[in-house]
Amino acid sequence: MLRSFGPLLAAACLMVSATGAGAQEVRAAVLRVDYPSLLPISRYDLRAEDLAFAGAALADEDNNTTGRFMGQSYETVTVATAPETAPEEMRALLDDGIRYVVLDARAEEVTALSDLAAEAGALVFNARAPELALRSEACRANLLHIAPSVAMQADAVAQFAIWKQWDRWLLVSGSNPEDRALADAYRRAARKFGATIVEEREFEDTGGARRTDSGHVMVQRQLPTFLQDTEAHDVVIAADATDYFAAYLPYHLWTPRPVMGSAGLRPVTIHAAHEAWGATQFQTRFEKLTRRHVQEEDYNAWLALRVLGEAVTRTSSADPQVVEDYILSDAFELAAFKGQKVTFRPWNGQLRQPILLYDDRITVSVSPQEGFLHQRSPLDTLGLDAPESDCTAFQ
Amino acid sequence: MKHLMLSAALCMAATGAFAGKAFVSNERGNTITVVDTETWEVLEEFEGGNRPRGITLSPDGSLLYVCASDDDTVRVFDTDTYEELYTLPSGPDPELFVIHPSGSPLYIANEDDNLVTVTDTDAHTVLAEVPVGVEPEGMAISPDSKWVVNTSETTNMAHFIDTADYEIKHNILVDQRPRYAEYLDDGTRLFVSSEIGGTVSVIDIAEDGTPTLRQKIGFEVPGVLPEWLQPVGVKAKSDGSRIFVALGPANRVAVIDGASLEVVDYIMVGQRVWQMAFTPGEEYLVTTNGNSNDITVIDVAAEKAIKSIQVGQQPWGVAITPN
């Protein structure tokens, strides 16, 4: 025995009888907040009606298959709501006795809804909002983050750029608050890993026609001129969290360079062509069940509920406090088709996971990159490390 | 003695059946590579169906069974002529299987459907379908043939299926993503590898077959990230003195002492080492290395890698003919 397995062994030493003990029912919800939004640049990005819910359906199947041997059953209800009605939907779920809620919502709703859930002693999984504040000063003790932060996404891209020795960046960002927050994450990543942002340009969101019949003609003329006369750079880093211009960048630059970030090579938690580490099985199960390709929202919801299922399996408890304590402990580990176990940061409740770098067709690379080391885990080279987070809710 | 050797040589000349052969399934190349286990030369490479993974032989070595995962069938080949003889019903996406010592049935893990399919190899019929955990993979049969063990990768259990009535009688929780199960020859112990958990669970087996988790064995190699130490294939020597564990992307095979259950050595092999098989008499251990498209031959007594041989694309499993 070269490593210590004390607590892990104790928790895992459950010998499970095939007949099972008394049935334990675990009820959860996925609450998805749908915001008014413009059509995406690409039809491929149209939101499916069962977005996120489909991942929950697969998680229920997976958890129930395991639960059969444990005397546990899982049921997840799904609710789609407008932002205004989200609090009452959350209250209804809590009144119904549900104590585990996966939230697919933006940061503002995530904090408000988590506080509502806290009053009922419920545990919330953030499956969407990437904002840093949620993992720092605005963190909540009952809020765990499945979705990567903007810092994890930016660091994943930055490490690949450094590995390629593309260390002179042209940062092109959008003008909306979310775009600027993402640009901040790239500035932070450049400092962290030693890249130089040689120049920045902000492409203002004037709300132009995106996909009209001749829209591409305008784009083809406007974008290159907007990007001329820049300092010499190796790569263009795009920060467009609101999806209004980055998709056009790769072939409309003035100086031909690779694009990474919000277009070109993008940091994602999953994509439908990801096959490594047994993910093919995940894809075929998902497609059989839902008749479509998986999206990040689906995977994040699936992963949240698998985290819950794993904690219930190992603790034989459905009590939110017991479950959360286990999830945040050293004993927790879960396989998520990422080639290594995913675990949680006890200082801010963030799930540690490798980030796939995707070119809209294949997995080009996976971060953390080789050679980026950390005393705890290479995964902690992505995102907010303990000294960088102002979160105190978990202490 | 001289007489014996002479007759042995005559037999070989007559049938050619005494030359040992290693059959390697090439998951991405859709082929089976045949390697001579004396000269370690590649003899042949033939079509193995789509995505061949699990591979095993009939007890007499005359039939080769291959899980053609993407064809949803088990393909059966003649080990002399390499001709495909027939296919067996396997259930969808067969990945790995284990054969009853008598030669029938085959117990097949259906990765996509959370089932173990039991297939009669003589009658070519399905005898039973046993619902198991999510993503079944590892398959083992107890030496007394009373139990078949299946490991489910996402449920993280070893399921103990009673071969008399195909009911699951015991489940043991192990670490994340259990890939392979291996009984000791005397049936007193079972080893289950957990790829993502990075451990091998040691499970003691009582006389009536009841399993108890004894301990977990971890791995540590200086200069290799712990995340890369991913146990997959496991092979135990018949006397139980050594257990070999393939460590996937760590490109090493760990050597575990059977008495102390301590890791005593790591043997460098090819890249992403997955499955393994002994030659008859356990003189050599052959490993499949998926990323370097080769197999490594380990001298078991010396515990050293002595040779590597290029095979097809992404070698997955290996089966070696009995003498």
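B:Thr31 stands opposite B:Glu47 in β3(B). This is a predicted model, in which local features need pLDDT of at least 70 and side-chain atom pairs count only at pLDDT 80 or more, while totals for chains, interfaces and linings use all residues. Residues are numbered from 1 along each chain as its sequence is written, and chains are lettered from A and ligands numbered from 1 in the order in which they are written.

Q: What makes strand β2 (residues 31-36) of chain B and β3(B) a pair?
A: Two strands pair if DSSP finds at least two bridges between them. β2(B) and β3(B) have 5 bridges, in the antiparallel sense, so they count as paired under that definition. Strands are DSSP runs of E with at least two residues, helices are runs of H or I with at least four, and both are numbered from the N terminus.

Q: Why are β3 (42-47) and β28 (315-320) of chain B said to stand at the edges?
A: The open sheet has 4 strands in the order β3-β2-β1-β28 (chain B), with antiparallel pairing. β3 and β28 each have a single partner strand, so one side of each is left without a neighbour in the sheet. From one strand to the next, the twist averages 20°.

Q: Why are α3(A) and α4(A) called roughly parallel?
A: The axes of helix α3 (residues 86-95) and helix α4 (residues 107-119) of chain A come within 10 Å and cross at roughly 30°. Axes are lines fitted to C-alpha atoms, for helices over the stretch in contact, and angles run from 0 to 180 degrees between N-to-C directions. Angles under 35 degrees count as roughly parallel, over 145 as roughly antiparallel, 65 to 115 as roughly perpendicular and the rest as oblique. α3(A) and α4(A) are therefore roughly parallel to each other.

Q: What residues of α3(A) and α4(A) meet?
A: A:Ala86, A:Pro87, A:Met90, A:Arg91 and A:Leu94 in α3(A) meet A:Glu109, A:Ala112, A:Leu113, A:Leu116 and A:Ala117 in α4(A). A contact requires C-beta atoms, placed from the backbone, within 7 Å. By class there are 8 nonpolar, no polar and 2 charged residues. Ala, Val, Leu, Ile, Met, Phe, Trp, Tyr, Cys and Pro count as nonpolar, Asp, Glu, Lys and Arg as charged, and the others, Gly among them, as polar.

Q: How many residues does each chain bring to the contact between chain A and chain B?
A: Chain A gives 25 residues and chain B gives 32. The largest share of the side of chain A, 4 residues, comes from α2(A). That side divides into 14 nonpolar, 6 polar and 5 charged residues.

Technical notes: Two residues are in contact if their C-beta atoms, placed from the backbone, lie within 7 Å.
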